[in-house]
Amino acid sequence: MNGAKIVSQALRSTRRYALRTLLMILGIVIGIASLTVLSSIGEATKRETMQRFKNMLGTFDTIMVRPGGGRSRGMPTLVNVPPTLRFEDADAVARELPEIKAVAEMQTAFDTDVKWRDHAASPVVIGVTPNWLQLRSDEVQDGAFFSRDQNIALARVAVIGTDVRAALFPDDDPLDKTLRIAGVPFQVIGLLKSRGAGPGGGSLDNLILIPVNTAARRLFNRDYLTMLIAQVKDPEQSNEATTKVVALLRERHHIRTPALDDFTVTNPAATMAQVTRAGSTLTKILTGVAAMALLIGGIVVMSLMSIGVSERWKEIGVRRSVGATRGEIVAQFMLEAVLVALMGGIAGALIGWGGMQLVTRLQKLPPVLVWQPFAAAILLSATIGLVFGIYPAWKASKLDPVQALRS
Amino acid sequence: MTETMIELENISKTYCRGESARVEALKAVSFRIAPGEFVAVRGASGSGKSTLLNILGCLDQPTSGSYHLGGEDVANYGDKELSRIRNAKIGFIFQSFNLLPRTTALENVEIPMVYRDGKVDRGKALCALERVGLAARAHHFVTELSGGEQQRVAIARSLINNPAIVLADEPTGNLDLEAGRDVMRLLEGLHEEGRTILLVTHDDAIAASACREICLRDGEMVSDRSVGSRSLTLLKGDAM
């Protein structure tokens, strides 16, 4: 078949019947534009949510255990959780479950007064084990993190977040300074790298980390945990590991079958999947509406192409009489439909891109450059042209050339 | 004459219209045409002239009989082979010109080149237009041309792939006398180049351009005879 020449003939036809071409393009543009806007907003929102989860958790290969049977709301702190999750529980999880690589212990307190000279702040103070950095994939920007020995020795050392540094040490190097947490002096030994915003949009940098043993004995005088974080060896097996952790803790807490857990286990990977799923339900409905618009666009292409075929009987007859095969007639009309749909697709994607820019600005979503919906839109429009062009093209090729010429 | 360009044997064509109505457009027509002949096909309307021309031009297939074109048995050819023959060997000229609307003269002449190997040769299309005296109007849309000019564009289109056979179906039927004479002069020129010409016409004057005349009546061939010289034809044409 004479491919390139037929493409050029098809292109000329789209120009020759410019009004019809324009109407078909319009039909496709509306569907593609709304589809790209909606799906790229959906994609951008999903990525944003995932990024915030990642900011908060650092890694997705951890299981979080909090005391209390799921009744407590909000972030667990020392004042609102039952004292059921113990240091010994954390030791047992680390020791007895081969699926678990490491366990971090946490004691969290919000709104603790922290002072240095005449500067004051109320960050989250978290007592953590020295393996925190690995479990959360946090990084120390300046100085060092505390060691295992410092934890055992109940050393009064602190690693601060960038927000705390900004509040307490606006003009000074925080390292080796001694700040007071609820009146107790701690030496600043490190500065954490900034993590950005969490899922709720709040800062994740307004915190001070201290050794968990120091926190338990010297600051809070509590011997229970607000959270333990277990890192699994194989992230693929995190559901199985979660089941084992639950079984072990129930056994240690002497909970029999009908009774509910006195702790809550969260598998972040699963939670995040749920959140992104829920977030995309609305997007899915809207995408469905846009897909309907696109379908109608396809039907517009089909009907206008069909009308075109009936109006162009003579042209078909002429082309057949000078040597066009049925296949070449099919190819020409299919190509016309595909080219028109592609033009509509590209125009729709461009309009969609503009709409997307507008929405991200209005919604204050970060400008995420998502190219997949645009590539998909262009591919989809070509497919629409192909699918809805088949029938008119087939009709054109079935025409008896003698009759077509007589018309 | 030993060589044969066209050989028809017992060609019949039956159209079915509905269940019982069968129209026999052609009944067992047989003849041979040698390369370079100029044949007029005559007959009243409905006598099967156009059906015959369509079969000769491979636009239509006979219901029965055999058709050899330049030695090829085309009666059983499929769409691809027939299309190739139409493209390479046959030039059509129609009563109603059959040019594409909203298209320039040049683009119309180029169309047959779309469906053969090789690229569309614009220079060649311009040459063809020059030959029919329309080089100056190459970029005009066909609707801007007179009937005679349109038919000349159609002749340029029929020539572009250098066909051995030119089939003209009442080419002057929609033209005034002057324009009709131009068209006939072009056809005679094509004949002089050695092409085989088949011309369907009602018109005695036009038919007289031919060297041979085949008459059809009700789908049957009723006569096949040689006719007079061309000079006589032109005189007759002029006298009308």
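Student: In which hand of crossing does H3(B) pass H5(B)?

Tutor: A crossing is called left-handed if the near helix is turned anticlockwise from the far one by less than a right angle, and right-handed if clockwise. H3(B) passes H5(B) in a right-handed crossing. Please note that this is a predicted model, in which local features need pLDDT of at least 70 and side-chain atom pairs count only at pLDDT 80 or more, while totals for chains, interfaces and linings use all residues. Residues are numbered from 1 along each chain as its sequence is written, and chains are lettered from A and ligands numbered from 1 in the order in which they are written.

Student: At what angle do helix H3 and helix H5 of chain B pack?

Tutor: Helices (H or I, at least four residues) and strands (E, at least two) are DSSP runs, numbered from the N terminus. Axes are lines fitted to C-alpha atoms, for helices over the stretch in contact, and angles run from 0 to 180 degrees between N-to-C directions. Here helix H3 (residues 105–114) of chain B meets helix H5 (residues 147–159) of chain B at about 30°, and their axes are 7 Å apart. H3(B) is therefore roughly parallel to H5(B); angles under 35 degrees count as roughly parallel, over 145 as roughly antiparallel, 65 to 115 as roughly perpendicular and the rest as oblique.

Student: Which residues make the contact?

Tutor: Two residues are in contact if their C-beta atoms, placed from the backbone, lie within 7 Å. H3(B) contributes Ala105(B), Asn108(B), Val109(B), Ile111(B) and Pro112(B), and H5(B) contributes Val153(B), Ala156(B) and Arg157(B).

Student: How do H3(A) and H8(A) lie to each other, and why?

Tutor: Helix H3 (residues 87–96) of chain A and helix H8 (residues 238–252) of chain A pack at about 135°, with axes 11 Å apart. H3(A) and H8(A) are therefore oblique to each other. Their crossing is right-handed.

Student: How many residues of chain A are in contact with chain B?

Tutor: On chain A, 20 residues are in contact with 21 residues of chain B. H10(A) provides the largest share of the side of chain A that touches chain B, namely six residues.

Student: What pLDDT does chain A average?

Tutor: The pLDDT is the predictor's confidence in each residue, from 0 to 100. Chain A averages 87, and 93% of the residues score at least 70.

Student: How many helices and strands does chain B have?

Tutor: Chain B has eight helices and 10 strands. Its C-alpha atoms fill a box of roughly 50 × 45 × 40 Å, taken along the principal axes.
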